[in-house]
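The account turns to one helix and then to the ligand.

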Amino acid sequence: MSDETIEVLLEEGKVFPPPEDFKKQAWVKDDTIYEKAEKDFEGFWATFAEELHWFKKWDRVLEWDPPWAKWFINGKINVSYNCLDRHIQTFRKNKAAIIWEGEPGDIKIYTYWDLYREVCKFANVLKGLGVKKGDRVAIYMPMVPELPIAMLACTRIGAPHSIVFGGFSPASLRDRIIDAEAKILITTDGGWRRGKVVALKENADEALRETPSIEHVIVVKRTENDIPFKKGRDLWWHELMKDASSVCEAEPMDAEDILYILYTSGTTAKPKGVVHTTGGYLTGVYATTKWVFDLKEEDTFWCTADIGWVTGHSYIVYGPLALGTTSVMFEGAPDYPDKDRFWGIVEKYGVTVFYTAPTAIRAFMQWGKKYPEMHDLSTLRLLGSVGEPINPAAWMWYYETIGKSTCPIVDTWWQTETGMILITPLPGVTTLKPGSATKPFPSLKADVVDEKGTPVPPGGGGYLVMKTPWPAMLRTLYKDPDRYVKTYWDRYGKEIYFPGDGAKKDMDGYIWILGRVDDVMNVSGHRISTMEVESALVDHPAVAEAAVVARPHDVKGQGIMAFVILKGEQSASSELEADLKKHVGTVIGPIARPDWIVFTEDLPKTRSGKIMRRLLKDIAEGKELGDTTTLRDSSIVEKIKDSVK
Ligand code: WTA
């Protein structure tokens, strides 16, 4: 979003205070909570932790030895116990925990009791295969119910899971399995995507050629297509489950034991293994699910993310289930078989709180009002947005067309690393401004600072920082503590978290997130590193060199533009262009496929040979070119500029 857009909006004074009737029923209706929470930081978080079940209470809430944090010291807790056992002892026993709809339209509803039994059974299956507390389990699955069952079973026995998004390539899966040294891989025979089968098992097999740590592969039958099956190594989920006992005690875990690892893109080609631990993470997602989404016993919550990303971990599975909510889970795409699929689901299950991404909202806008108008959306009472800055036009469309101008919108800023929502409105107290994620969650401090770390004055722009720790924060990067310190806690001193986002602070202290300031792109809300795409491109036999930047894209937010130098004997052609796009899709996954390829003879480089990506970004964005005086050959940028349409 440009500064001008923000200015215009502010001048128009478009603000949305919470509707009176929403406020009346909200968990938080009094904004003095911000002051109270700041005054008693630890007490504030302890209150949420006390709403969970602990086998043994913590001695202290926080030990902060920057940048190393420990939360709920010596507390013993189990995530699966909190998501299941706690509820089956109450009237929630046969309340729907997960309402699942498959892409072909098949439906499964798991009550808390059903889910508890399935999880216990699968936990016993894992134990039977020799999985012990601390062993890593890799998961590569589409959005099927066995996915949350597997996650909860892992947490039940204390085996950290590492979920790899089903859209990732064999190479991406392989690298993540190798880094985590996973013992078991759980996958499916396939997944449904717009009526076609995605060949997950074949991908997995390819990855598994180079992953010696994997002892067994557990395969869920989903699409029933023929798949290769390696005797001894590969086992069917349904056969293992047939005789498994449905009694399995939850393992008391230390609050600081690893709950899961989730890999995310950084500024190098090697993904970072973000480590989340148990007690603080659960407390953080529990608190934010409850207050940000204002969830009550009778709500039906639908977060449309894929569980392969952090949003699904925290707000389809752990947060909603810890709260005893009914969580909707959908396998398919929003436009299959038609563009009203999401709205049909909202109507069918009476969804009350709906959480999606700006890229989806922009696609809905393009498709037109006709589709939401085909369905009764009157059960909705609150809407959410996550993953990238939401442009005010999309915000207004979401507000009017989906929320019928009655539902507040919570624009929630957070990251894989933060584990939980950090900057967000509280729907019962915050006056909303379309396009602003507003303010930090109570007790937390965020700011916008300049290069030196000095807070910018109201109205200024700079880098977003967090100035307090928070319970669901990442604890380290798996097997790479130095990179943890360097990436997040080095820029402004060890007490200040640097998330890599640019932001602006307005005259009321509201925060407007402007997007990444590092070499990470945000394509349809997915983080992709420019280096990853570059190394996939140079991996193609025709490519000598490549530089990749993000370029504004109407639906995706950012698209990928690649500048490619071909090897001597190669010449540019539309076939080669298509082949390069396909190649990147194969190496990383379809989400990383470049939108535009620009063949060029040279790249803007400094005298020392460093590519000046900043200039390529200016070209891609159609901006005035920045300083070109340090270039080895300054004519090259003009040449490239001419070839970019
Ligand atoms: C971006 C997704 C603006 C941001 C939960 C961040 C946002 C990255 C918002 C994290 C938002 C997320 N407004 N930008 N409400 N939410 N982002 O790790 O650039 O996949 O750094 O976590 O998404 O992406 P990740």
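The buried residues of helix α16 are P392, A394, W395, M396, W397, Y398, Y399, T401 and I402, where buried means under 20% relative accessible area with a 1.4 Å probe and protein chains only as cover. Helix α16 spans residues 392-402 and is mostly covered, with nine of its eleven residues buried. Helices (H or I, at least four residues) and strands (E, at least two) are DSSP runs numbered from the N terminus. After α16 comes K404, which has a positive phi near 50°.

The model is predicted: local features need pLDDT of at least 70, side-chain atom pairs count only at pLDDT 80 or more, and totals for chains, interfaces and linings use all residues. Residues are numbered from 1 along each chain as its sequence is written, and side-chain values use heavy atoms, with hydrogens and water left out.

The ligand is surrounded by 17 residues, the closest being D411, T412, T416, R516 and R527; a residue counts as near if one of its heavy atoms lies within 4 Å. Helix α12 (310-323) and strands β20 (409-412) and β25 (511-516) each supply at least two residues of this shell. By class, the shell holds six nonpolar, six polar and five charged residues.

| Residue and atom | Ligand atom | Distance |
|---|---|---|
| G387, polar backbone atom | nitrogen | 3.1 Å |
| E388, polar backbone atom | nitrogen | 3.3 Å |
| N522, polar side-chain atom | oxygen | 3.4 Å |

Taken alone, the ligand exposes 520 Å², of which the protein buries 97%; these areas come from the Shrake-Rupley method with a 1.4 Å probe.

Methods:
A polar contact is a pair of N or O atoms within 3.5 Å; within protein, one must be able to donate a hydrogen and the other to accept it, and residues adjacent in sequence count only if both atoms are side-chain atoms. Ala, Val, Leu, Ile, Met, Phe, Trp, Tyr, Cys and Pro count as nonpolar, Asp, Glu, Lys and Arg as charged, and the others, Gly among them, as polar. Buried means under 20% relative accessible area, exposed over 50%, partly exposed in between (1.4 Å probe, protein chains only).
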